[in-house]
Amino acid sequence: MSELQNSATIIEEHLEPGERNTRRAFLAAAGAAGLCYAAALAYPIYRYLASPEEMALSATAVTEVTLKDAQKLPAGSVLMFKFGTAPAMLIHHEDGRWVSMTAVCTHLGCTVQYEPQADRIHCACHGGVYNPYTGANVSGPPPKPLKLFKVAVNDTGVEVSRA
Ligand code: FES
């Protein structure tokens with residue numbers, strides 16, 4: 001038996017039974033707290049390392065969204081909403097047309113904004129510009145257009161679905 005084990009045995013022998021239970025309870029609580037702490041650290045790391053395929057799958061899992069009362073959206077304005085996990089926008093143009101598309105810039109993934117006064121969709125990150133009717137990339141670094149969604153307007157809201 002090593003000297004360290006001898007010391008532990010000697011200390012154990014001098015503890016009262018109630019003190020042993022207190023020590024065990026403390027060690028159990030410390031262990032549980034340690035597990036919780038490790039889980040809290042591991043989850044964000046897991047989310048960060050999740051594969052792009054997994055992230056894309058969760059983003060496309062939702063195929064349709066009903067925007068209740070969105071038919072009341074005034075002409076010339078936009079409604080930002082979540083389509084699955086990704087931001088999207090519903091634009092009610094001045095000419096009465098309804099257009100919905102993803103709001104994720106195809107360059108590096110910033111959220112784009114509709115600017116009615118300039119009649120464009122703008123990405124503030126690097127100055128990308130898109131057509132607000134077609135989603136086409138007009139200028140700046142975006143390599144691809146914004147993906148359009150199907151829009152159906154009815155009396156209770158607007159249904160947006162993947163094309
Ligand atoms: S992320 Fe939109 S232009 Fe770069």
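This is a predicted model: local features need pLDDT of at least 70, side-chain atom pairs count only at pLDDT 80 or more; totals for chains, interfaces and linings use all residues.
## An edge pairing to start from

β1 and strand β10 (residues 157-162) pair in the antiparallel sense over five bridges; two strands count as paired if DSSP finds at least two bridges between them. Within this pairing, threonine 66 stands opposite glutamate 159 of β10.

Residues are numbered from 1 along each chain as its sequence is written.

## The chain as a whole

The chain has three helices and 10 strands.

Of its 163 residues, 18% count as buried. A residue is called buried if 20 or more other C-beta atoms lie within 10 Å of its own, exposed if 12 or fewer do, and partly exposed in between, with C-beta atoms placed from the backbone. Taking contacts with a separation of 6 or more, residues 24 or more positions apart account for 35% of them; two residues are in contact if their C-beta atoms, placed from the backbone, lie within 7 Å.

## The six-stranded sheet

The β1-β10 pair belongs to an open sheet of six strands, ordered β1-β10-β9-β4-β3-β2, with antiparallel pairing. β1 (64-68) and β2 (77-83) stand at the edges with a single partner strand each, so one side of each has no neighbour in the sheet. From one strand to the next, the twist averages 25°; axes are lines fitted to C-alpha atoms, for helices over the stretch in contact, and angles run from 0 to 180 degrees between N-to-C directions.

Strand β4 (residues 98-102) is mostly covered, with four of its five residues buried. Strand β3 (residues 86-92) pairs with β4 in the antiparallel sense over five bridges, and isoleucine 91 has valine 99 in β4 as its bridge partner. The hairpin of β3 and β4 has five residues between the strands, and there glycine 96 takes a positive phi near 95°. Two bridges join β4 to strand β9 (residues 148-153), again antiparallel, and serine 100 stands opposite phenylalanine 149 in β9.

## The nonpolar core

Which residues have the most contacts inside the largest nonpolar core? They are Ala88, Met89, Leu90, Ile91, Met101, Val112 and Val160, in a core of 22 residues. Such a core is a set of buried Ala, Val, Leu, Ile, Met, Phe, Trp, Tyr and Cys residues joined through C-beta atoms within 7 Å. Two or more residues come from each of β2, β3, β4, β6 (120-123), β9 and β10, and β3 gives the most, with four.

Leaving aside residues up to four places away in sequence, valine 160 touches Val65, Leu67, Phe83, Leu90, Ser100, Phe149 and Val151.

## Two aspartates with positive phi

Most residues other than glycine have a negative phi. Aspartate 69 has a positive phi, near 65°. Aspartate 69 lies in the loop between β1 and β2 and is exposed, with 10 other C-beta atoms within 10 Å.

Aspartate 119 also has a positive phi, near 50°. Aspartate 119 is found in the loop between β5 (113-115) and β6, and with 13 C-beta neighbours inside 10 Å, aspartate 119 counts as partly exposed.
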